[in-house]
Amino acid sequence: MLQAALAAGTAQRRAVFELFPRRLPEGRRYGVVAGVGRALDAFESFRFDDEVLGVLDEGRVVDEATLAWLADYEFTGDIWGYAEGETYFPYSPLVVVESTFAEAVLLETLLLSIYNHDSAIASAASRMTFAAGDRPCIEMGSRRTHEEAAVASARAAYVAGFASSSNLAARQRHGVPTAGTSAHSFTLLHDTEADAFRAQVDSLGRGTTLLVDTYDIAEAVRLGVEIAGTELGAVRIDSGDLGALARQVRDQLDDLGARDTRIVVTSDLDEHAIASLASAPVDAYGVGTQLVTGSGHPTCGFVYKLVAREGGDGAMVSVAKKSKDKASVGGRKFALRRRDRHGTAEAEVVGIGSAPEDDGDDRSLLVPLVEDGEVVGREPLEAARARHADSRAELPLAAQMMSRGEPVIKTIHLGG
């Protein structure tokens, strides 16, 4: 596309691209924007160096004129977007890119690959933390996905309310708090379960978490309290009927005097399993496979479409795709969250060509991310985490339901 546009003389036309979802994943009631910070980092380093240009040249992927243009590639336009942690709905204009066609079209895969993955993880994580309530969730999915996706997943889950991650690279790169427990292999390494527990407690202290389902759970709990005392931090159950076992273990711990010892459960949990354990004496949930695969929806279906471009007379012209089931809405977008006087969200209002009017209870959703090619929207991860909590809290109560349903608020287009 770039090569043909350069040859046709249209590559420098002003253009507006939009990244948006046509719909939410089937049955979901809201989505969560994540990956904004990662996208801005990737944007800053998005260049075509000699090695890349060499591959394009050797394979005759593009012609000499295009190679020369790519060698000097630099984005000079503006990017607006929903801030990280924000909730979204069908046709929310999550990213608006304004530049030349040539500069903007190259960002499609960069933006979509990050936003589609991270938002899918955050959307699943948000449902899980909703179901968990005040009980913390620990991200433990690194062994169930690509090594780089694991780091991104831990970050996205933290934005959506997870308390910590087992992924230390997420701590190193993004400051995500980390936590972990021993595996069955550690117990099996030792001659007896008591030897394993004693080694762990001696090294890590009485506040450690002991894995108690390698052999017999009741005996393991007894040994754990005998070795660590009533100051034992927690026990982890990784198999069986988690609700029933948690009740049995809670009773046993209380009888042994270890009333402050917490119970952590793991084993292929998703939001529905977490919700089913609401009445069980569980203190924390470790979530792996279902989180890093988006709990059945590993992508958000975001697309990146041209919605306006410069015409031959220099004026901006709205453009839109009309394909069956894949239509887009033309025109530069603006968005606000319409709220009632109690602060509860009522609608996603998208203005075409001009911003919708704020009636006093609403809030604008698009913020500047890049201005004149320079990143201006970078923020601490804690800000995104706090924003998500606030955005989710303003949704109608139906957002908390784990059953399949329609988006909890409607999307309204104005103007155009």
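Which residues line the second largest cavity? I kept this question at the head of my notes and began with the ground rules.

**Entry 1, ground rules.** I am working with a predicted model, in which local features need pLDDT of at least 70 and side-chain atom pairs count only at pLDDT 80 or more, while totals for chains, interfaces and linings use all residues. Residues are numbered from 1 along each chain as its sequence is written, and side-chain values use heavy atoms, with hydrogens and water left out.

**Entry 2, cavities.** I searched the whole structure and noted 2 cavities of 30 Å³ or more. A cavity here is a set of points, on a 1 Å grid over the protein atoms alone, where a 1.4 Å probe fits but cannot get out, and its lining residues have an atom within 4 Å of a point. The volume is the space filled by probe spheres set on the points, which are joined across faces, edges and corners.

For the largest cavity I wrote down a volume of about 60 Å³. Its lining has 10 nonpolar residues, no polar and no charged ones, where nonpolar covers Ala, Val, Leu, Ile, Met, Phe, Trp, Tyr, Cys and Pro, charged covers Asp, Glu, Lys and Arg, and polar covers the others, Gly among them. The largest share of this lining, 4 residues, comes from α2.

The second largest cavity holds about 30 Å³ of space, and I can now answer my opening question: E18, F20, Y91, S328, V329, K333, V350 and H413 line this cavity. By class, I noted 4 nonpolar, 2 polar and 2 charged residues there.

Most residues other than glycine have a negative phi. I found Y91 with a positive phi of about 70° although it is not a glycine, and I located Y91 in the loop between β4 (87-88) and β5 (95-100), strands being DSSP runs of E with at least two residues and helices runs of H or I with at least four, numbered from the N terminus. Y91 is partly exposed, at a relative accessible area of 22%, a label for values between buried (under 20%) and exposed (over 50%), with a 1.4 Å probe and protein chains only.

D372 also has a positive phi, near 50°, and I placed D372 in the loop between β17 and β18 (374-375). At 61% relative accessibility, D372 counts as exposed.

Terms used: 1 Å grid on protein atoms, 1.4 Å probe; cavity = no way out; pocket = protein on both sides within 12 Å on 5 of 7 lines; lining within 4 Å.
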